[in-house]
Amino acid sequence: MENQEKKFLKTEGNEWFKRNVHKISDNSPEISVLCNWLMPFKNKINNILEVGSGCGNKLSQMCWQLDSLGLGIDPSSLAVDFATSNYGERCIFKIGTATTLPVHLDQFDLIHFGFCLYLVSRNELPKCFKQADLLVRPGGFLSIVDFDPLKPHANQYVHSDGLKSYKDKYYQKFCELGNYTLVNKYSFSEDRHHFSMDPYARTSLTLLFKEKK
Ligand SMILES: C[S@@+](CC[C@H](N)C(=O)[O-])C[C@H]1O[C@@H](n2cnc3c(N)ncnc32)[C@H](O)[C@@H]1O
C-alpha cells in the first residue's frame, strides 16, 4: 500500500472527519441532481457502493432517494463509526480505500466516487479503476464527484505535508476504458451550485453508464 493510502488510514481520514463532521447536511444539492438523473432507473438500482463515503450522509441520501441499500468505504475509522451510528438503517460502512474494494461481493448497480479520487496515489489508480470496473454490473452506473481541472496537475494537500491532491478528469479516464458512456455532467464549485469561470475552482459530478457488452 502506498504512502497516501497509509496516511489516510492512519491519521488523515480521521483528521478530515474531525474538520468536516459539523458541516454535513442530509440534503446535498449534487446528490439530489444525481438522484434526479437516475430516477427513471430507480427500480433497477438496488445496491450502491460509495467510495470515500466520509460521514455517510451522502450515501444515505442516495439510498433514501433511490430506495436502495448502500455500502460505504472510507479509510477513517471515526467516519465509519459515525456513519454506522447515524445512517445505519439502509447502509453499512467499512474501513478501506479505493484500492481495497470488496471485489468478492456481488456487483453493484451504482458505484459513486465521493470526492476521493484526487487522493488516490498515482501508481494505485489502475488498480482502483480495475476494481471499480469489476464491481459495476454491465447495465449499471458509475458516478464521480471530483475536481475538474483544465489539465491534470498535482498540488500539495493543504492539510498535511507530504500528501498530494491529484486533479484530473477522472470521468474521461473511465470513458477511455471503452465500455462507459457519459450520461450527464453537472459543473459547480465547492461554494456555488453553478459553473465557475475560474478553472481552479471547478468541480463536477458526472454520471456514466456501463454498456452491456
Ligand atoms: C472530500 S472527502 C468526501 C467525503 C464524502 N464523500 C462527501 O462528499 O462528503 C474525501 C473522503 O475520502 C476519503 N479518502 C481519502 N483517501 C481515500 C482513498 N484512497 N480511498 C477512499 N477514500 C479515501 C477521506 O477519508 C474522506 O472521507
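Modeller: A salt bridge here means a side-chain nitrogen of Lys or Arg within 4 Å of a carboxyl oxygen of Asp or Glu. By that rule, the whole structure has eight salt bridges. Mind that this is a predicted model, where local features need pLDDT of at least 70, side-chain atom pairs need 80 or more, and totals for chains, interfaces and linings use all residues. Residues count from 1 along each chain, and side-chain values use heavy atoms, without hydrogens or water.

Your pair is Lys58 and Glu30, with their closest N and O atoms 3.0 Å apart. Lys58 sits in helix H3 and Glu30 in helix H2, 28 residues apart (helices are DSSP runs of H or I, at least four residues, numbered from the N terminus). Glu30 is buried at 11% relative accessibility, while Lys58 is partly exposed at 29% (buried is under 20%, exposed over 50%, partly exposed in between, with a 1.4 Å probe and protein chains only).

Now the helices around that pair. The axes of H2 (residues 29-38) and H3 (residues 57-66) come within 10 Å and cross at roughly 30° (axes are lines fitted to C-alpha atoms over the stretch in contact, with angles from 0 to 180 degrees between N-to-C directions). H2 and H3 are therefore roughly parallel, a label for angles under 35 degrees. From H2, Glu30, Ile31, Ser32, Leu34, Cys35 and Leu38 meet Lys58, Gln61, Met62, Gln65 and Leu66 of H3, contact being heavy atoms within 4.5 Å.

Methods:
Helices (H or I, at least four residues) and strands (E, at least two) are DSSP runs, numbered from the N terminus. Angles under 35 degrees count as roughly parallel, over 145 as roughly antiparallel, 65 to 115 as roughly perpendicular and the rest as oblique.
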